[in-house]
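Please consult the sequence and the structure shown here before reading on.

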Amino acid sequence: MPRPGSHGTLLTVAPTGAEHAKADVPQLPVTLDELVATAQACEQVGAAMVHVHIRGEDTRPTLDLGRLRDTVQALREQTSLVVQLSTGGAVTDPEADRLRVLDALPDSASCTMGTVNFGDDVFLNRWEFVVALHKGMQERGIAPEYEIFDLGQLASLRRLLDRHGLPAGGKVHVDLVMGVPGGMPGDAETLVAALRLLPDGASFSATGIGRTSLPVLLAALSTGGHLRVGLEDTLSYAKGQPVRDNAQLVARAAGLAKIAQRPPLSPDEARELLGVRGPVQV
């Protein structure tokens, strides 16, 4: 059976993340104007969704609700992209702040399916917190993207869906985040193993961190998957060549998707694939 949406490719751009410092990566978009300009440039070359981490005046990661709401509004007004907020924030953010992200009412939000060692840190996602995120998105009509950092988290996803039901839009979409130190490797063998554990009917994207970016991208394209790229995930375009900007990464992914006869999906096609519908305040 073809995987959902496999006639084309959903391209998600993750332009900023919470790990890199602006001082170290000058091309990183950290202000609202920079983020909107980046989103517009990436939409022009094939992106259909933007995965958003925001920064404060000091350029450090923040989950300030006012800033999140302003960001969602600006991206909706000035692009056609599906707007997805990260509920991961930085690894030190408290659970209450991460849950409050949903009150910004994005089209979509991330839901990480378990705890993982994240380099020298621990990215904590207790079961009760995962359930609260899942239910919070159901109540608000927000489409979740279930982020998977290790294979066992796919078993947790099945447990979550069995106990607490499907998302509000009825669609299950997974992002395999591969190559994080402490998580699953970013290679074709691991990606294929993950696909055997996906819930029936689920669509998936894959993200390769750092030097695993291209191997994961190519493996995902060849197995009916979708792609996430961006400066959040990789700073090198090729050996010894820094990424110029996020649009450069999206354009490469779009070109490879076309070569694979799976051209980029439009934002409206992405909404259909993900089950995006208008979120509501609770």
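The second largest cavity is lined by Ala 206, Thr 207, Gly 208, Ser 213, Val 216, Leu 217, Leu 227, Arg 228 and Val 229. The model is predicted, so that local features require pLDDT of at least 70 and side-chain atom pairs count only at pLDDT 80 or more, whereas totals for chains, interfaces and linings use all residues. Residues are numbered from 1 along each chain as its sequence is written, and side-chain values use heavy atoms, without hydrogens or water.

**Cavities and pockets**

On a 1 Å grid over the protein atoms alone, a cavity is a set of points where a 1.4 Å probe fits but cannot get out; a pocket is an open set with protein on both sides within 12 Å along at least five of seven lines; and a lining residue has an atom within 4 Å of a point. Points are joined across faces, edges and corners, and a volume is the space filled by probe spheres set on them. In the whole structure, two cavities of 30 Å³ or more are found.

In the table, Ala, Val, Leu, Ile, Met, Phe, Trp, Tyr, Cys and Pro count as nonpolar, Asp, Glu, Lys and Arg as charged, and the others, Gly among them, as polar.

| Space | Volume | Lining residues by class |
|---|---|---|
| Largest cavity | about 70 Å³ | seven nonpolar, four polar, one charged |
| Second largest cavity | about 40 Å³ | five nonpolar, three polar, one charged |
| Largest pocket | about 390 Å³ | ten nonpolar, eight polar, five charged |
| Second largest pocket | about 280 Å³ | eight nonpolar, five polar, six charged |

The lining of the largest cavity includes Ala 18, His 53, Pro 61, Ser 86 and Asp 93. For the second largest cavity, β11 (203-208), α7 (213-222) and β12 (226-229) each supply at least two lining residues; helices (H or I, at least four residues) and strands (E, at least two) are DSSP runs numbered from the N terminus.

Of the 23 residues lining the largest pocket, Glu 19, Phe 118, Ile 209, Glu 232 and Asp 233 lie nearest its centre. The second largest pocket has 19 lining residues, and Lys 171, Val 172, Gly 201, Ala 202 and Ser 203 are the closest to its centre. Both α5 (152-164) and α9 (267-274) contribute at least two residues to the lining of the second largest pocket.

**Helix α7**

Ser 213, Val 216, Leu 217, Ala 219, Ala 220 and Leu 221 of α7 are buried, that is, under 20% relative accessible area with a 1.4 Å probe and protein chains only. The elements that cover these buried residues include β10 (173-178), α6 (188-195), β11, β12 and α8 (246-259). After α7 comes Gly 224, with a positive phi near 80°.

**The α1 and α2 pair**

The axes of α1 (residues 32-44) and α2 (residues 65-78) come within 10 Å and cross at roughly 35°; axes are lines fitted to C-alpha atoms over the stretch in contact, with angles from 0 to 180 degrees between N-to-C directions. In contact (heavy atoms within 4.5 Å), Leu 32, Leu 35, Val 36, Ala 39 and Gln 40 of α1 meet Asp 70, Thr 71, Ala 74, Leu 75 and Gln 78 of α2. These contact residues comprise six nonpolar, three polar and one charged.

**Asp 103**

Asp 103 lies in the loop between α3 (95-100) and β6 (108-112). Asp 103 counts as buried because its relative accessibility is 19%. Beyond neighbours within four places in sequence, Asp 103 is in contact with Leu 65, Arg 69, Arg 140 and Gln 281.

Conventions:
Buried < 20%, exposed > 50% of the residue type's maximum accessible area, 1.4 Å probe, protein only.
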